[in-house]
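Good morning, everyone, and thank you for making time for this. Please have a look at the model on the screen while I talk us through it.

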Amino acid sequence: MPTPSLADLPIRGLTPRDLAACTDLSENVGWPREEHKWGLLLAAGRGYGIDYPDGGLVSACVVTSYGPRERPDLAAIGMVLVARRHARQGVGRRLMRHVVAEQGTTPLTLHATPYGRPLYEELGFKTTGRAEMVRGHFTPGGPEPEATTRRATAEDLPAILRLDQEVFGTDRTHMITRLPAFADQLRVAEEDGQITGYAAAWPNIDNHVVGPLIAQDTETAKALIASLAAHTSQALRTDIDVRHEELLAWVKAHGLASAGFNAVMTYGIPDLPGDWTRRFAPLTVAAG
């Protein structure tokens, strides 16, 4: 039988059972396999994929929605991948058009690499910010940040959820409640018995990703990063909103180096909801 054209291959939903196919596709395009992150995204979000007739994925992405299930306030698109042999053949454009249409009137956001940004601009996404990826082994030194941190407990979860919704701008309980199992560390900052920030460090290949990072001010963000670093021997990686210039300068002075930039883009809204002054880094750029 003749091989179907790319335009005729159906788009289907992905589930956690597609984890191996998604990580194979990541490896195909030169990205790390990232099984741990893919597992979270496929469990908490909705995946979309196009299959080869003989097995494996031609293309894939994941959408993570926030707010009411029936009418989400925001959806983040991530892990938009196309197999190398079909790059620049319209596959990614077709998948993205389908995904955007499926979301209806829900506002959208994504972090775009320089490679993917032209496609998203063509689809109507606007650049509203930038995030800088930094990574490296954290080196202690200098004045200690003036904020108290400790390991989070189960009793802290309601306060973390309230703070997260206030800062992020919509409810993402279904993601945040997964952090205790997903992350190797979950820590909070506290002042006068009130939680003023929280951060997680989760395992990804050969490093720990710091995210989310939410804090009342830069000193609190510094304290959370320093406390996470003190409890791991692995390199740290995080994506910091470039408007947080003081924090970026501080992490670079403590051993982390710039590893690139992503454009923060939105569709259907002029900017992200919430309070950017307290939102320092996302859980992952794939999910906002």
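I will begin with a pair of helices and then turn to a pocket.

This is a predicted model, in which local features need pLDDT of at least 70 and side-chain atom pairs count only at pLDDT 80 or more, while totals for chains, interfaces and linings use all residues. Residues are numbered from 1 along each chain as its sequence is written, and side-chain values use heavy atoms, with hydrogens and water left out.

Helix H8, residues 218-229, packs with helix H9, residues 245-253, at an angle of about 30 degrees, and their axes are 10 Å apart. Helices here are DSSP runs of H or I with at least four residues, and strands are runs of E with at least two, both numbered from the N terminus. Axes are lines fitted to C-alpha atoms, for helices over the stretch in contact, and angles run from 0 to 180 degrees between N-to-C directions. H8 and H9 are therefore roughly parallel to each other, a term that covers angles under 35 degrees.

In the contact (heavy atoms within 4.5 Å), H8 contributes residues including Ile225 and Ala226, and H9 contributes residues including Leu247 and Trp250.

Now to the largest pocket, where a pocket is, on a 1 Å grid over the protein atoms alone, an open set of points where a 1.4 Å probe fits, with protein on both sides within 12 Å along at least five of seven lines, and where lining residues have an atom within 4 Å of a point. The largest pocket is lined by 47 residues, of which Trp31, Val80, Leu81, Thr113 and Tyr115 lie nearest its centre. Among the elements that give two or more residues to this lining are strand E4 (74-82) and helix H3 (91-102), and E4 provides the largest share, six residues.

Definitions and conventions: Parallel < 35°, antiparallel > 145°, perpendicular 65-115°, else oblique.
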